[in-house]
Amino acid sequence: MAGLLRTHYCGELRPAHAGQEVALAGWVRTVRDHGGLLFLDLRDRSGVVQVVFHPGRGEEADLFRQAQELRAEYVVLVRGKVSMRPPGRANPALPSGEVEVIPSYLEVLAPSLVPPFEVDGRAEPDESLRLRYRYLDLRRPVMLERLGFRHRAVKAVRDFLDSRGFWEVETPALTRSTPEGARDYLVPSRVQPGHFYALPQSPQLFKQLLMVAGVDRYFQIARCFRDEDLRADRQPEFTQIDLEMAFVDEEDVLTVMEEMLGHVFRTCLGVELELPFPRLSWDEAMDRFGTDKPDLRLPWEIRDLSDLAARTEFRIFRDALAEGGTVRGLRLPGIALTRREIDALTAEIASLGGRGLAWLAWEDGGQVRGSVARFLGGDAPAWRERLAAGPGDTVLISAGPLQVVRRVLGFLRTRVAEEKEAVREPGWRFLWVVGFPLLEWNEEEGRWQAEHHPFTSPLEEHLPLLETDPGKVRARCYDLVLNGEELGSGSIRIHRRDLQERVFRAIGITPEEARERFGFLLEAFAYGAPPHGGFALGLDRLLMLMVGAPSMRDVIAFPKTARAACLLTGAPAPVSPAQLAELHLRLAIPSTRGH
RNA sequence: GGAGGCGUGGUGUAGCUGGUUUAACACACCUGCCUGUCACGCAGGAGAUCGCGGGUUCGAAUCCCGUCGCUUCCGCCA
């Protein structure tokens, strides 16, 4: 269609173009037919410009009659002259609003059915309709703008990493099923009956192999697949900014990530991020905020009240402490809760293991009230001081095992803020959370497992604990959090075969299993692996936050629904018996429908 | 796997404590009129048996059960 000779985008016309002959192509946004005068709003991805048709005589009259046939979303070609609008007729709401186009030629390149929803309408159609007609949904200026933003952000990432000596390397999409982690998407092999590929959950192992290969600095805008249930911020396929560096320690990786994000925010949003990002140890994050991804825009913090609680006669507190637990409180500054609200919250925390919720509140006069107020006795001022509580504040108190108390108060922190629409401080509050436990106890399977992944290096000084007290070992890993959303994680990897085998042993992977599952990696490490570390950042999540979209689906061109379906193509869908046979597959679907 | 929300002309909503509607409103659509609009305006028109199935009832968009779809959260997501 190069012969169309489009000369300009609609949205870029300005007074400077006045007098020029232009050729525009785009979609009809609206036609305002005044009978003796007709306005056409022509739209392309750059925006809108107004084209004015006069009835006149001869050719002009033909053009006018043609224009009267135009309908929304017709694709048209317009040639004409850019002209200043008459005095007082400019539209300040439109970037091109000072000019208009006087046409000399009009051609319908393609008509359109009446669209199933108004592309430029005020109302946002139901999301399933948007997804079914995604190409029309994406035609909406907000959505096109988001796609453009995504392009610019990815370009900024590439430019930055290139400038720092990173090479972009592609890794396989058809790979081996990984033993731990999320459920894999499997692809059956036709050539090898009964064997399967898995789509990668991340390029983790390959990037480590690239380090062994001497690539030194690798990155990839990598598609990752995880067959788990979806959320507003979780899709079965998503994109990571994946990178790995050889001969580095934590500081190198964190600095590169900070500078990369600084570059992206500067180029895409014109925002200057404050570097470096603050860091919090995992233990401190859990103690102060009850979560490993605290939203720092919310200043509320958790306080340990165990010593004070020990002096009360309150059974629940004393029992919790006697069993080795803790008593902690969360102050809600200036927030009053009704009994009913507290009951509702108590019910909600039951699923987190919280058996009850105590509370205190301070009156204007300074007197304390609440479910445990009568147990404070002479210690009331000490409680108040510890919590820094003042009139109008409510404090929620949880007692029990440390893990449960953290989880409960961490949950309440965001839950109440949401409910009460507590004001969050504005801004981009990045945070590094470092020093996660290397291992976590899997209650169900009765064994230790990797908290991050099994290739994460333990802290050197914790190595002796690996066999004696695995839960105490901290890892050389780091999570990046933005406004309470986990953006990604990374670590310094194990590069010595002996240590890798010790970690495998700690998580109950026998040498035989290790060889079976990761033999290729262990073997590679036997041939001179450099110390290395890296990071993987969730691109979709980052973009969602940057553009202020409520869901990751809004920054992905063709996303899946909560049931992992594509409403546009109808995927997933059945395949023919012939296809199954070719793949040596037979279906075993239990007949659940009893009619 | 569990819990909640939503489903009404093409679109977005109202109606939903059962019977005063012939299911309403806005936008879109169709016809006509209109020379400066830009969410153009005016007049007229067409269009929904209320996701689907079953039940309760004299009577169901409205109540109940099931089911499907979308969605939010928990579990899950090394």
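Reader: What makes the pairing of Ser202 with a base nitrogen of RNA strand B a polar contact?

Author: The model is predicted. In it, a polar side-chain atom of Ser202 lies 3.1 Å from a base nitrogen of RNA strand B. A polar contact is a pair of N or O atoms within 3.5 Å, so this pair counts.

Reader: Which residue has a polar side-chain atom 2.7 Å from a base nitrogen of RNA strand B?

Author: Gln50. The cut-off is 3.5 Å, so the Gln50 pair is a polar contact as well.

Reader: What does the side chain of Arg71 approach on RNA strand B?

Author: A phosphate oxygen, with 2.8 Å between that oxygen and a polar side-chain atom of Arg71. This too falls within 3.5 Å, so it is a polar contact.

Reader: How many residues surround RNA strand B, and which are the closest?

Author: There are 50, and the closest are Arg89, Arg122, Asp126, His452 and Arg563.

Reader: How is the surface near RNA strand B divided by class?

Author: Charged residues number 22, nonpolar 15 and polar 13.

Reader: Which element gives the most to the surface near RNA strand B?

Author: α2, with three residues. This helix spans 127-132. β1 (21-33) and β2 (38-44) also supply at least two residues each.

Reader: Why is Asn483 called buried?

Author: Its relative accessibility is 12%. Buried means under 20%, so Asn483 qualifies.

Reader: Where is Asn483, and what is its phi?

Author: Asn483 sits in the loop between β20 (477-482) and β21 (485-492). Its phi is near 50°, a positive value in a residue other than glycine. Most residues other than glycine have a negative phi.

Reader: Why does His584 count as partly exposed?

Author: Its relative accessibility is 41%. His584 lies in the segment after α18. Its phi is positive, about 60°, although His584 is not a glycine.

Reader: What kind of peptide bond joins Leu275 and Pro276?

Author: A cis bond, with omega about -10°. Pro276 belongs to the loop between α6 (250-269) and β11 (279-281). Most peptide bonds are trans.

Reader: Which residues does the cis bond with omega of about -5° join?

Author: Ala571 and Pro572. Pro572 is placed in the loop between α17 (539-547) and α18 (577-582).

Key
Residues numbered from 1 in each chain as written. Chains lettered and ligands numbered in written order. Predicted model: local features only at pLDDT ≥ 70, side-chain atom pairs only at ≥ 80, totals over all residues. Heavy atoms only, no water. Near = heavy atom within 4 Å. Polar contact = N/O pair within 3.5 Å; in protein donor to acceptor, adjacent residues only side chain to side chain. Helix = DSSP H or I, 4+ residues; strand = E, 2+ residues; numbered from the N terminus. Nonpolar A, V, L, I, M, F, W, Y, C, P; charged D, E, K, R; others polar. Buried < 20%, exposed > 50% of the residue type's maximum accessible area, 1.4 Å probe, protein only.
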